[in-house]
Amino acid sequence: MEQTREALTALTDIYGSPLYVFDKREFIENYKKLEQAMKTNYDNYRIAYSFKTNYTPYICQTAKELGAYAEVV
């Protein structure tokens, strides 16, 4: 925990605050857990990522690569 705090402090020193930190590995792991849970309970489903809410190209590309649909309402 202290290591994480130090890393975040270093990032805010460099980039300022507020700061959005994206962990691609964690995002993919959570996506796959959600996908597996949905498969267990539903035959017909689609995971959609809100591109309007978080339109960071890197994150959108990651969601797209995982097969997510775009939720753009």
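Before you click anything, one definition: a residue is buried when its relative accessible area is under 20%, exposed when it is over 50%, and partly exposed in between (1.4 Å probe, protein chains only). Start with Glu35, which at 23% relative accessibility counts as partly exposed.

Keep in mind that this is a predicted model, where local features need pLDDT of at least 70 and side-chain atom pairs count only at pLDDT 80 or more, while totals for chains, interfaces and linings use all residues. Residues are numbered from 1 along each chain as its sequence is written, and side-chain values use heavy atoms, with hydrogens and water left out.

**Stop 1**

Glu35 is found in helix H2. Helices (H or I, at least four residues) and strands (E, at least two) are DSSP runs, numbered from the N terminus. Show the contacts of Glu35, where contact means heavy atoms within 4.5 Å. Not counting residues up to four places away in sequence, Glu35 touches Tyr45 and Ile47.

Now select Met38, also a residue of helix H2. Met38 counts as partly exposed, at 25% relative accessibility.

**Stop 2: over to the loop**

Pick Pro18, in the loop between helix H1 (2-15) and H2. Look at the peptide bond joining Ser17 and Pro18: it is cis, with omega about 10°. How far apart are Met38 and Pro18 in space, C-alpha to C-alpha? They are 34 Å apart, and 20 residues apart in sequence.

**Stop 3: the aromatic rings**

Select Phe22, Phe27, Tyr49, Phe51 and Tyr58, which form one aromatic cluster. Rings of Phe, Tyr and Trp (its six-membered ring) pair if their centres lie within 6.5 Å; planes under 30 degrees apart count as stacked, over 60 as edge-to-face and the rest as tilted. By this rule there are four aromatic pairs. Zoom in on Phe22 and Phe27: their ring centres are 5.4 Å apart and their planes are at 55°, so this pair is tilted. Phe22 is partly exposed, with a relative accessible area of 23%, whereas Phe27 is buried at 19%.

Is the pair of Phe27 and Tyr49 stacked or edge-to-face? With ring centres 5.9 Å apart and planes at 80°, the pair is edge-to-face. Phe27 lies in helix H2 and Tyr49 in strand E1 (residues 48-50), so the pair ties together parts that are 22 residues apart in sequence. Tyr49 is buried too, with a relative accessible area of 16%.

Stay on Phe27 and show its contacts. Leaving aside neighbours within four places in sequence, Phe27 is in contact with Phe22, Tyr49, Ile59, Thr62, Ala63 and Leu66.

**Stop 4: the core**

A nonpolar core is a set of buried Ala, Val, Leu, Ile, Met, Phe, Trp, Tyr and Cys residues joined through side-chain atoms within 4.5 Å. To see the largest one, select these nine residues: Phe27, Tyr31, Tyr45, Ile47, Tyr49, Ile59, Cys60, Ala63 and Ala68. Helix H2 (24-41) and helix H3 (57-66) each supply at least two residues of this core. Which helix gives the largest share? That is H3, with three residues.

**Stop 5: helix H3**

Colour the buried residues of H3: Ile59, Cys60, Thr62 and Ala63. Seen down the axis of H3, they fall within an arc of 160° (taken from the directions from the helix axis to the C-beta atoms), so they line one face of the helix. On the other side of H3, Pro57, Lys64 and Glu65 are exposed. What covers the buried residues of H3 includes H2 and E1.

Click on Thr62, which lies in helix H3 and is buried at 2% relative accessibility. Apart from neighbours within four places in sequence, Thr62 is in contact with Phe22, Lys24, Phe27 and Ile28. Then move along to Gly67, which follows H3 and has a positive phi, near 100°.

**Stop 6: two helices together**

Finally, show H2 and H3 side by side. They pack at an angle of about 35°, with their axes 11 Å apart. Here, axes are lines fitted to C-alpha atoms, for helices over the stretch in contact, and angles run from 0 to 180 degrees between N-to-C directions. For the residues that meet, select Lys24, Phe27, Ile28, Tyr31 and Lys32 in H2, and Tyr58, Ile59, Thr62, Ala63, Glu65 and Leu66 in H3.
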